Amino acid sequence: MPGGRLSHDERRDIGAGLTEGLGYAEIARRLGRPTSTVSREVARNGGADGYRADRALRATERRARRRGPAPLAARPRETVDRDEHRDELRDFGEQFVTMLVATGLPRMASRVLARLFLTDSGSLTAADLVGQLRVSPASVSKAVGYLEELDVVRRERDPRRRRERYVVDDDVWLRAWTRDTRSTANWADTARRGVAVVGADTPAGVRLDRMGDFFATLSADMASGPAGVEDALTLLAALMHAGAPADAGRLAAGLGWPVERVTEALRHAEPQRLTPAQLDALER
């Protein structure tokens with residue numbers, strides 16, 4: 001049953017699913033269990049890489065003997081709700097960390113960043129992180145240093161407690177986007193310098209030239225950001241409403257935009273730059 005304890009066979013099925021590379025949701029679906037049940041079971045017993053069914057069963061039995069919790073029916077409703085919310089929050093935190101690790105972020109840095117995001121204040125001290133994550137101060141310091149290099153975490157002085165706080169701001173992803181845009185432009189510039197060195201007519205030069213074109217286009221798209229696509233959709237909608245061709249000047253006058261903005265929106269409005277869903281939205 002979804003609410004009952006996992007059986008030994010179910011634990012073996014979880015272990016087999018992890019070996020196959022299945023996600024928590026698929027394993028849970030096969031067992032007829034909530035995804036949170038599977039994710040908690042794995043997290044408590046070695047994680048996705050270290051989970052073993054026999055060991056998990058023994059560990060669960062030891063925990064049950066130590067705790068001996070009161071029956072669910074004997075606990076106040078508000079206590080049950082609070083515990084369930086805590087479990088859901090912990091499960092989401094584990095999923096958040098897994099997602100960050102999948103993008104290439106080190107696991108400890110992912111744990112620190114997830115913890116900061118899930119804190120209402122968006123800030124914690126080193127001591128807070130050490131206590132909540134149950135890791136050493138050195139591990140926290142190294143993770144925060146890594147995140148600072150990525151420009152997603154900053155330090156600020158807490159005058160009341162005379163210690164530093166680590167903070168994630170509301171514009172953290174905009175800063176990260178800007179940083180990546182600069183990095184992508186550097187790839188394009190480096191490739192073009194390479195073409196000049198090895199010669200445009202050599203195989204290496206051709207390869208570098210293609211690389212430079214790719215990153216230059218990507219950098220331009222990133223620099224325009226989501227607003228570029230929004231402008232393109234607005235422009236195409238205006239053209240469809242008018243029902244007739246129009247030059248950049250007339251479009252600029254009609255929309256109240258500078259001509260340069262219309263020109264950039266036209267570039268983004270090329271069919272190959274819009275997804276099928278966006279084109280379908282325009283047709284509707």
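These notebook entries record what I looked up in the structure shown above.

**Entry 1. Ground rules**

I am working with a predicted model, in which local features need pLDDT of at least 70, side-chain atom pairs count only at pLDDT 80 or more, and totals for chains, interfaces and linings use all residues. I number residues from 1 along each chain as its sequence is written, and side-chain values use heavy atoms, with hydrogens and water left out. Helices (H or I, at least four residues) and strands (E, at least two) are DSSP runs, numbered from the N terminus.

**Entry 2. The sheet**

I looked up the strands next. In which order do the three strands stand in the open sheet? The order is 1-3-2, and the pairing is antiparallel; two strands pair if DSSP finds at least two bridges between them. Strand 1 (123–125) and strand 2 (154–158) each have a single partner strand and stand at the edges, so one side of each lacks a neighbour in the sheet. On average, neighbouring strands here are turned by 35° against each other, direction ignored.

I then followed one pairing. Strand 2 and strand 3 (residues 163–167) run antiparallel and are joined by five bridges. Within this region, arginine 154 stands opposite valine 167 in strand 3. In general, strands of a sheet pair through backbone hydrogen bonds.

**Entry 3. Helices**

I noted that helix 8 (residues 126–133) lies across strand 1 and strand 3 and runs at about 90° to strand 1. Axes are lines fitted to C-alpha atoms, for helices over the stretch in contact, and angles run from 0 to 180 degrees between N-to-C directions.

I also examined helix 1 (residues 8–20) and helix 3 (residues 35–44), whose axes come within 11 Å and cross at roughly 80°. The two helices are therefore roughly perpendicular to each other (angles under 35 degrees count as roughly parallel, over 145 as roughly antiparallel, 65 to 115 as roughly perpendicular and the rest as oblique). Which residues make the contact? Helix 1 contributes Arg11, Ile14 and Leu18, and helix 3 contributes Val38, Glu41 and Val42; contact means heavy atoms within 4.5 Å. I count these residues as four nonpolar, no polar and two charged (Ala, Val, Leu, Ile, Met, Phe, Trp, Tyr, Cys and Pro are nonpolar, Asp, Glu, Lys and Arg charged, and the others, Gly among them, polar).

**Entry 4. Aromatic pairs**

My search of the whole structure found four aromatic pairs. Rings of Phe, Tyr and Trp (its six-membered ring) pair if their centres lie within 6.5 Å; planes under 30 degrees apart count as stacked, over 60 as edge-to-face and the rest as tilted. Phenylalanine 92 and phenylalanine 96 have ring centres 5.9 Å apart and planes at 40°, so I recorded the pair as tilted. They are four residues apart in helix 6 (residues 77–102), which means a separation of about one helical turn. Phenylalanine 92 is partly exposed at 43% relative accessibility, whereas phenylalanine 96 is buried at 13% (buried means under 20% relative accessible area, exposed over 50%, partly exposed in between, with a 1.4 Å probe and protein chains only).

For phenylalanine 214 and phenylalanine 215, the ring centres are 5.1 Å apart and the planes at 85°, so this pair is edge-to-face. Phenylalanine 214 is exposed at 51%, while phenylalanine 215 is buried at 18%. I also noted that ring pairs link Phe92, Phe96 and Phe117 into a cluster.

**Entry 5. Positive phi**

Arginine 134 is not a glycine, yet has a positive phi of about 55°. This residue lies in the loop between helix 8 and helix 9 (137–149) and is exposed, at 76%.
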